[in-house]
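Hi,

Here is the structure I promised to send you. Have it open beside this email, so that you can look up each place as you read.

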Amino acid sequence: MSRETDQERRRFLLRAGKAGLGVAAIGALGWWAHDTQGPSANIGQAANVKLPSFAVKGTDKRLAVVKSSHRVPALRAGLEALGGMGAFVGAGHKVVIKVNAAFASPPALGATSNPELVAELVRLCRGAGAKQVIVTDNPINDPASCFELSGIGPAAREAGAQVVLPHPGAFAPYSLPGGRLIRDWPLMYGPLAGADRLIGLAPVKDHHRSQASVTMKNWYGLLGGRRNVFHQDINGIISELGQMVTPSLVIADGVATLAHNGPTGGSLEDLRPTDTLILGTDHVAVDSLAVGLLGLKPAKVPWLGLAARAGAGTTDYESLNPTRVELG
Amino acid sequence: MRIVTARRISQGFFLALFLWFCLVATVGERLWQLRGWPVNWFLELDPLTGLTSLLASGTLYAGLLWGAAVLALTLVVGRFFCGWVCPFGAMHQFVGWLGSRGKPLKERVRRNAPHPAQQIKYLVLAFFLGAAMSDLAARLALGQVAASLAGAIVLGLVLWATRRGQGGRAYALAVGLVLAAWVAWSLAAPHGGAWLLAGLLDPIPLVSRSVNLVLLPLADAPARVAWPEPRFYQGAGLIATVFGAALLLNLWRPRFFCRYVCPTGALLGLVGRHALWRVGKKQARCGACLGCDGACSGAARPAGRLRPAECVLCLNCLDACPEDDITYATRPSAGGEAAPDLGRRRVLAGLGLGLVAPPVLSLSGVLGPGWNPALIRPPGSLPECEFLRRCLRCGQCMRVCPTGVLQPAGPSFGLEALWTPVLNMTIGTSGCQLRCTACASVCPSAAIRPISLAEKLGQGEFAAQGPIRLGCAFVDRGRCLPWAMDRPCIVCQENCPVSPKAIFTRVAWETVLTGLVAGSATGGELTVSGKALKPAALASGDYYLQMGAARARIVANGAHSLILTGGSDWRTPAPGEALSVAVRLQRPYVDPARCIGCGICQHECPVSGKRAIRVSAENATRERAHSLLLKGAGPV
């Protein structure tokens, strides 16, 4: 056999080897990517997240009503009556404060959480040892504008909190166990992940559809998507929100109540001085007390009854023996 | 330092400054946000922007005076703006350099040879000037001296710039004919108008629009520095296509856009060809190595008879000449100079086309009886005709809008409105925010007047004239849940930001279930027969049990049982009595006297496709002819 044919054979074997590898690679890739089923109906659906209870052991059934026209001293006095901020927030905690920043409207109009109150609450959390305080909401108007114009953003940052605006990555699907409306619905879970405490801070407002918007309605801002479809059953959704969240503490700001034209307001004439700050760990009780500032009886507000029957709290706030403080 | 290096540094600096201004046009007070940065400076520097605005509107608004400074400086030093300042020019220069890199000298000389197509840009300029001055005659008739003077000067300049040889009489006749036709057209056409079409190709508006509405949203989507949420701009593909084509054509011919298309370059060329200082050869005879021709980015042929109007002052030729024969001095090139080959007839044709374009296009009636109610303009916008005289299509208002509701108008709104701002309530993060005047404060040409918050809201000294209305919301009763589907909703009413609200409701009762028969009543629970009910479905607080005219609210229900809370007129039904279930609906109505057309209701409407409440441009403050209400009529 000549040397040339020998080389030719070697080249052929080499080429055949390469071709074989190529065939094998194509075959392997095809086998690996092969799908005999086709996509399922719930394609792109991430797994549901779970929302833990944020209630602090031993603080249930605490309720305080402070009569004052000044928010900051009222907050301090109210927290004192509940056992001090130390009873709720401890060293190294990650605290999330869910404010109501729904509208791009100035603080004086009372449609959003009061920035001074937000700042003081942040400072108190920091003072109690919180490592991280997050102030968040998924507003209705443009989020960045809402936080800036309402004054909540600058006030919170100044006081040492981190302001978290909604962004696509913050949402994860959630289903309320036993829930009818909140099924596979986008929940703003990002800021809540790993949180130790959740505090709700909402103004007391008139609401044409649900009659009143207080701390339970405020949890609406944790939902994403086109959540407005839930307004077909406003009482049902507020009741489910009350079941979805077990807060560490809620605060209803009724120092000035948005008595007309709610929930947006828009004029100082829509506000009425009611000089009341309500703090508690049971948001059904806090809201039952708060609707009184709007001249409503809890029994006439269906979402309160629905939430109470579902076990989210009690409408009979007197049974919690609220501490009443008058600051004059 | 080599002069070319200095030029590159200058281009880099101004390009970076331009991009910085694009980034900082964000509402906010941080360093990288809008806090007094002169974000319109480049738009204001552009002399074509100023000139066409002056011709169309009769005034040179605020910062547009900068254009006069550029024009004046061009008279002294030539097209420095193109070569040293223009950010679009810098992009072209760079891509052109990429395309010519490594090419042999012969090929580079071929690419940089003067081409008859270079005169196209003068025709483009003439067309835009014509479109902008289309109704100068009408304003002349109205005695606007400044406007007519400006028109005369421009016409004179064009004629002077295009003078060549003899035959003056024939040209005078042609000019006279065009003028006569133009006067006739503008006075006869019902909405002749003059439009600032220049913004379509004017380099600074073009690059502002492209960077702000295409590049920045792309770059910011993962970074989210400019906007907290991803931004969307309708028809971004068309804007990107024009921008991308302009950039990529540089690979074929360096500075393609500047050479063949740019109307501002044409204007600066006409002004700069008589500049005091100019590029030129010291001696007519040189080694003829053609190094300068191979480097010339303007295709001005420095080696032969130089074309000063085409010279963008890149000064590559100075750098490329091995004999140091090319200089920048106060005398014409020793190699001789050539005027741009304009072709007076062609320029006049361009001007004439421009002059008649607005009157002819306006025959479509979109400014009159066929006006498009989807064209909702930002707050403070001038009436449509005046708006089109001023809008540069630069995209600054859309860039600065905090909600992104301002969108570039697509071709469906007509050529005259292409890329002008229009509100699209479904795209932004909210409608037009009540307490925001960002677009009006940033508009470089006052197409959107600078308005105060008090004026927008109709407060203080503006209380008598009321708030600025962008349009009016209309409820689509065929889609609205409480109107069409017996479902409670009123999200629109809740979100209406004006006080008192422009959306009010009326309670309506609709019977949704009949044929129930009362059974026994025990301990607050009433059993019913007839139809099995869905458990808990009627317990939302909106459903009531009806017996004759009396109603009791359903608090809870099982398949055959109900728990009720009744009013004073309710009595427990006797067994066998006929019952029905009604739903309590609050149906929305819009009060056009209060509605400002902000579109927040439309944005929030849960009917997420075509919304059940939609804003339409009727009743907008800026167009009296579109008002909806009879003054002094109605109860409120």
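This is a predicted model: local features need pLDDT of at least 70, side-chain atom pairs count only at pLDDT 80 or more; totals for chains, interfaces and linings use all residues.

Let's start in chain B: B:Pro500 sits in the loop between helix 24 (491-495) and strand 6 (503-522). Helices here are DSSP runs of H or I with at least four residues, strands are runs of E with at least two, and both are numbered from the N terminus.

Residues are numbered from 1 along each chain as its sequence is written, and chains are lettered from A and ligands numbered from 1 in the order in which they are written.

**Backbone details**

Chain A has a cis peptide bond too, between A:Gly262 and A:Pro263, with omega at about -5 degrees. You will find A:Pro263 in the loop between strand 9 (249-258) and strand 10 (271-280) of chain A.

Back in chain B, B:Arg301 has a positive phi near 50 degrees, although this residue is not a glycine. B:Arg301 belongs to the loop between helix 16 (291-295) and helix 17 (316-320).

**Chain A as a whole**

Chain A is built with nine helices and 11 strands. Its radius of gyration is 27 Å, well over the 20 Å that the globule rule gives for 328 residues, so chain A is more spread out than a compact globule. (That radius is taken over C-alpha atoms, and the rule is 2.2 Å times the number of residues to the power 0.38.) Along the principal axes, the C-alpha atoms of chain A fill a box of roughly 115 × 40 × 40 Å. Of its 328 residues, 55% count as buried.

A:Thr136 is in strand 3 (residues 132-136) and is buried, at 0% relative accessible area. Beyond its neighbours within four places in sequence, A:Thr136 has contacts (heavy atoms within 4.5 Å) that include A:Val96, A:Phe147 and A:Met188. A:Thr136 and A:Leu192 are 56 residues apart along the chain, and their C-alpha atoms are separated by 9.6 Å.

A:Ala259 lies in the loop between strand 9 and strand 10 and counts as buried, at 13% relative accessibility. Apart from its neighbours within four places in sequence, A:Ala259 touches A:Asp206, A:Asp270, A:Arg272 and A:Leu294.

**Helix 9 of chain A**

How many of the eight residues of helix 9 (residues 302-309) are buried? Six are, which leaves the helix mostly covered. Among them are A:Trp303, A:Leu304 and A:Leu306. The buried residues pack against strand 8 (211-213), helix 6 (215-218), helix 7 (234-244) and helix 8 (283-290) of chain A, together with strand 9 (550-557) of chain B. After helix 9 comes A:Gly311, with a positive phi near 90 degrees.

**Where the chains meet**

The contact between the chains takes 40 residues from chain A and 40 residues from chain B. The area buried between them is about 3100 Å², and carbon and sulfur atoms give 46% of that. (Buried area is the accessible area, with a 1.4 Å probe, that two parts lose on being put together, summed over both.) On the chain A side, A:His208, A:Arg209 and A:Arg226 lose the most area to chain B, together 20% of what that side buries.

**Chain B as a whole**

Chain B has 25 helices and 12 strands. Its radius of gyration is 33 Å, whereas a compact globule of 636 residues would have one near 26 Å. Its C-alpha atoms fill a box of roughly 120 × 55 × 40 Å along the principal axes, and 57% of its 636 residues count as buried.

Enjoy exploring!

Key:
Side-chain values use heavy atoms; hydrogens and water are left out. Buried means under 20% relative accessible area, exposed over 50%, partly exposed in between (1.4 Å probe, protein chains only).
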